[in-house]
Amino acid sequence: MQAIDTGKAVYWGTGRRKSAIARVRLVPGSGQVIINGREGESYLQFNTSYLSATKAPLETLGLENDYDVLVNVQGGGLTGQAESIRLGVARALCELSPDNRQPLKAEGYLTRDPRAKERKKYGLRKARKAPQYSKR
């Protein structure tokens, strides 16, 4: 990856959810969301709830039209990717100004969701599903 010097301040944040990992850059701009080189609406398949979730930390602080969000995300599905982007944006906003931390924390945007898929155990069909039991 090659660094591009635009002369503007760039703020980084990393977000994770399930197996999705998002590297987020906040750059002063007009409020665009670009995910893996594509427009945010087209990448998230025109699902407005996913796109609004990625912009939620910016909307909480009233900065949705002040910064462009540039994202590299991989792994997981669309829900996990959208939530990992949200965490990355919130962390980048904390890097922008320490005063942003309290309102973001109150909304729950700085909390890493630890839930992940449980591993399959031997002797079972899935993580917890056991084969049918018969006494005789």
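In this predicted model, the side chains of R17 and E83 meet in a salt bridge, with 2.8 Å from N to O. R17 sits in strand β1 (residues 11-17) and E83 in helix α3, so this pair ties together parts of the chain that lie 66 residues apart in sequence. The bridge is one of 5 salt bridges that a search of the whole structure finds.

- D113 in turn forms a salt bridge with R115, at 2.8 Å from N to O.
- R115 is exposed, with a relative accessible area of 55%.
- Through shared partners, the salt bridges join R17, E83, D113 and R115 into one network.

**How helices α2 and α3 pack**

- Helix α2 (residues 48-61) and helix α3 (residues 78-96) have axes that come within 8 Å and cross at roughly 15°. Because angles under 35 degrees count as roughly parallel, α2 is roughly parallel to α3.
- The crossing of these two helices, α2 and α3, is right-handed.
- On the α2 side, the contact is made by Y50, A53, T54, P57, L58 and L61. On the α3 side, it is made by L78, T79, A82, I85, R86, V89, A90 and L93.
- Sorted by class, the residues in the contact of α2 with α3 are 11 nonpolar, 2 polar and 1 charged.

- Setting aside neighbours within four places in sequence, Q81 is in contact with A20, Y43, V73, Q74, G75 and G76.
- S52 is found in helix α2 and is partly exposed, with a relative accessible area of 38%.
- From S52 to K105, the C-alpha to C-alpha distance is 18 Å, and the two residues are 53 apart in sequence.

**Backbone angles in two loops**

- Most residues other than glycine have a negative phi.
- K18 is not a glycine, yet its phi is positive, at about 55°. This lysine lies in the loop between β1 and β2 (20-28) and is exposed, with a relative accessible area of 55%.
- N36 is not a glycine either, and it has a positive phi of about 50°. This asparagine lies in the loop between β3 (33-35) and β4 (38-39), where it counts as partly exposed at 33% relative accessibility.

Note on methods. Residues are numbered from 1 along each chain as its sequence is written. This is a predicted model: local features need pLDDT of at least 70, side-chain atom pairs count only at pLDDT 80 or more; totals for chains, interfaces and linings use all residues. Side-chain values use heavy atoms; hydrogens and water are left out. Axes are lines fitted to C-alpha atoms, for helices over the stretch in contact, and angles run from 0 to 180 degrees between N-to-C directions. Helices (H or I, at least four residues) and strands (E, at least two) are DSSP runs, numbered from the N terminus. Angles under 35 degrees count as roughly parallel, over 145 as roughly antiparallel, 65 to 115 as roughly perpendicular and the rest as oblique. A crossing is left-handed if the near helix is turned anticlockwise from the far one by less than a right angle, and right-handed if clockwise. Contact means heavy atoms within 4.5 Å. Ala, Val, Leu, Ile, Met, Phe, Trp, Tyr, Cys and Pro count as nonpolar, Asp, Glu, Lys and Arg as charged, and the others, Gly among them, as polar. A salt bridge is a side-chain nitrogen of Lys or Arg within 4 Å of a carboxyl oxygen of Asp or Glu. Buried means under 20% relative accessible area, exposed over 50%, partly exposed in between (1.4 Å probe, protein chains only).
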